[in-house]
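Dear colleague,

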Amino acid sequence: MFSVLQEPVPASSLLRTCRQGPDPAAWDHFSDCFSTTVIQPVTLAEFVFAFYTSPVFRMERAILGWFDWPSTDAEARDLAEGRRDRFAAWRVAERTETQLLVGDALGHTRSWFCITPDDGAGGTRLQFGSGIAAIRDPATGQQRQSLGFRLLGGFHVLYSQVLLSAAASHLKPR
């Protein structure tokens, strides 16, 4: 298992800079970032494909298929390589050469992928993060995280770390 660290979301992350949707301020309440480093050069497409086809994420894909959001490895490859803007429950929100931000079809969550070459060692730093939109409390008008997210927050952190480690392990050496 790869060592996965939780760290602050970089200021240049698409999780911070992409504010699409009907309530852009809803994205200011929760985001996270996890990182690990692999010893080989990795492209963003390779990272995204490895993430969505890792054994751990295949379980999530199976569950999403039950909810009418099926997906295939070929669709994961097309998303990773920029030939597709939809994959299972996610839609591309923004893409650069080193970052990909996808949002769920309901507009509540975002997933972020980033690669940074480790010039000194020839490896690649992989970052994965999430953004969870706040909901507006009808009584106060204040934005807050949903009860479900507050209850499952600890699981979310552990699952994010496991997903990133599984993706790193699933990367094939060149």
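This is a predicted model: local features need pLDDT of at least 70, side-chain atom pairs count only at pLDDT 80 or more; totals for chains, interfaces and linings use all residues.

Residues are numbered from 1 along each chain as its sequence is written, and side-chain values use heavy atoms, with hydrogens and water left out.

The chain averages a pLDDT of 88, and 90% of the residues score at least 70 (pLDDT being the predictor's confidence in each residue, from 0 to 100). Mean confidence is lowest in strand β9 (residues 143-144), at 74, and highest in α2, at 98.

Helix α2 (residues 44-53) packs against helix α4 (residues 73-80) at an angle of about 150°, their axes lying 8 Å apart. The two are therefore roughly antiparallel (a term for angles over 145 degrees, on a scale from 0 to 180 between N-to-C directions). On the α2 side the contact (heavy atoms within 4.5 Å) is made by Ala45, Val48, Phe49, Tyr52 and Thr53, and on the α4 side by Asp73, Ala76, Arg77, Leu79 and Ala80. Seven of these residues are nonpolar, one is polar and two are charged.

Arginine 61 has its place in helix α3 (residues 55-66), and with a relative accessible area of 9% arginine 61 is buried (under 20%). Leaving aside neighbours within four places in sequence, arginine 61 is in contact with Tyr52, Thr53, Ser71, Thr72, Asp73 and Phe87.

With best wishes

Note on methods:
Helices (H or I, at least four residues) and strands (E, at least two) are DSSP runs, numbered from the N terminus. Angles under 35 degrees count as roughly parallel, over 145 as roughly antiparallel, 65 to 115 as roughly perpendicular and the rest as oblique. Ala, Val, Leu, Ile, Met, Phe, Trp, Tyr, Cys and Pro count as nonpolar, Asp, Glu, Lys and Arg as charged, and the others, Gly among them, as polar. Buried means under 20% relative accessible area, exposed over 50%, partly exposed in between (1.4 Å probe, protein chains only).
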